[in-house]
Amino acid sequence: MQQLFENLWVDYLKLTQDAERIHQLFSNLGENIINDHIALRTFNRGKANLDQIAKFLESYSYFPVEEYHFEAKKLRAYHFENKFNEKSPKIFVSELLLEQMPDNVQDICNRLINEGDKFIDENGLSLPMMPWNTITKEEYLELRSESEYAAWLATFGLRANHFTVSVNELKGFSTLESVNQFLKDNDFALNTSGGEVKGSKEVCLKQSSTMANIVNWSFSNGEMEVRSCFYEFAERFKLPNIDSLYHGFVAASADKIFESTNAA
Ligand code: NI
C-alpha cells in the first residue's frame, strides 16, 4: 500500500510543481505533512470503471464507505477507507456517467475506453496508469466544451488528480484559513469557486485547494497549455457527541473542488 501511494505521489509531482514547492515551504517550518486523501477520475465504462477500481483497491484492503452524486457534472463517486488502518489516506474515486454526455463526447471516450481495455487485458489494472493513446488538441477542446472532467481524464488518465494536506495534523497552523493565508502570502492561486473555503464547521469539514498547475502538454498533434493537478487542504471537525473526527466528504464542497482544474 505504501508503494501504491509512493508511485502515485511521484507521478503526481511530475505534473504538479506547486505541490513540491508547498511541501518544501511546510518542511522549512518543521511540518510533517500527513495526506488526508487522494482523488482519482475515471469513466463509468470499460475495465477501469469505478467498480473495477473498487476491486483493485480491495486488494489493498480499501473498501467503499459512502457514495456521492454530482448531477450537474454527471458524476458519481465513492470514498474508500483502509479497513485495517484508519490513519491511512482515504481514496476518493469518481466516474463520468457517459450515457449522460452528448454523442460526440461518447464517441471519443468510447474509443479511448476500447484502447484502455486492450491495454488492461495485456497489462492488468494498476495505478497510476495511462491506458489509452494520446488525444489531439482538437479532441481536448471538443471534450472540454462539454465536460472539463472528460477532457482532463482523456488527457491524463488514471492518476492522482490531487493529494490533500491534513490541516489537523499541522503543528503550526490551527485553521484552514491560516493555511490559505500562508499559501496566498507565498503567491499560490487558490480555487475561489464557491469561496476560498468550501464547507464549514457545521458540516464537519472545511476544504480549500490551489488552482491546478498549467503544463505544456504533448498532445498527439503538438503541444498546448492545459491545467494538470492541484493540491488540496482539509480541516476536519469532531462529530456531535462522538469523540472522533468526521471522515466523510461533503458533496457540495467536492463539487467546487472539481473546478480546480477548470481553464483560466
Ligand atoms: Ni479532494
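Two residues are said to be in contact when they have heavy atoms within 4.5 Å of each other. That criterion is used throughout this account of a predicted model, in which local features need pLDDT of at least 70, side-chain atom pairs count only at pLDDT 80 or more, and totals for chains, interfaces and linings use all residues. Residues are numbered from 1 along each chain as its sequence is written, and side-chain values use heavy atoms, with hydrogens and water left out.

The chain contains eight helices and ten strands; these are DSSP runs, with helices (H or I) of at least four residues and strands (E) of at least two, numbered from the N terminus. Its radius of gyration is 18 Å, close to the 18 Å that the globule rule gives for 264 residues, so the chain is as compact as a globular protein of that length. Here the radius is taken over C-alpha atoms, and the rule is 2.2 Å times the number of residues to the power 0.38. Along the principal axes, the C-alpha atoms fill a box of roughly 50 × 40 × 35 Å.

Of the 264 residues, 55% count as buried, a term that means under 20% relative accessible area, whereas exposed means over 50% and partly exposed lies in between (1.4 Å probe, protein chains only). Among contacts between residues at least 6 apart in sequence, 67% join residues at least 24 apart. The accessible surface comes to about 12000 Å², and carbon and sulfur atoms account for 47% of that area; the areas come from the Shrake-Rupley method with a 1.4 Å probe, and for residues only the protein chains shown count as cover. The chain carries 26 positive and 39 negative charges, whose mean positions are 2 Å apart. In this count Lys and Arg are positive and Asp and Glu negative, while His and the chain ends are not counted; each charge is placed at NZ of Lys, CZ of Arg, CG of Asp or CD of Glu.

Distant parts of the chain are linked here, since His37 belongs to strand β1 (residues 35–43) and Glu232 to strand β10 (residues 230–236), 195 residues apart. Both His37 and Glu232 are buried.

Helix α6 (residues 148–156) ends with Phe156. Nine of the nine residues of α6 are buried, so the helix is largely enclosed by the rest of the structure. Among them are Tyr149, Trp152 and Leu153. Phe156 itself is buried, at 1% relative accessibility. Beyond its neighbours within four places in sequence, Phe156 is in contact with Leu15, Met130, Val215, Trp217, Val226, Arg227 and Ser228. Just after α6, Gly157 takes a positive phi of about 70°.

Gln106, in helix α4 (residues 103–123), has a relative accessible area of 13% and is buried. Not counting residues up to four places away in sequence, Gln106 touches Arg45, Leu98, Glu99 and Met101. Ser61 sits in the loop between α3 (50–58) and β2 (62–70) and is buried, with a relative accessible area of 19%. Leaving aside neighbours within four places, the contacts of Ser61 are Glu81, Asn82, Lys83 and Phe84.

The backbone also deserves attention. Most residues other than glycine have a negative phi, and most peptide bonds are trans. The peptide bond from Leu127 to Pro128 is cis, with omega near -5°, and Pro128 lies in the loop between α4 and α5 (137–146). Lys74 has a positive phi near 60°; this residue is in the loop between β2 and β3 (75–82) and is partly exposed, with a relative accessible area of 26%. Cys204 also has a positive phi, near 70°. Cys204 occupies the loop between β6 (198–200) and β7 (205–209) and counts as buried at 6% relative accessibility.
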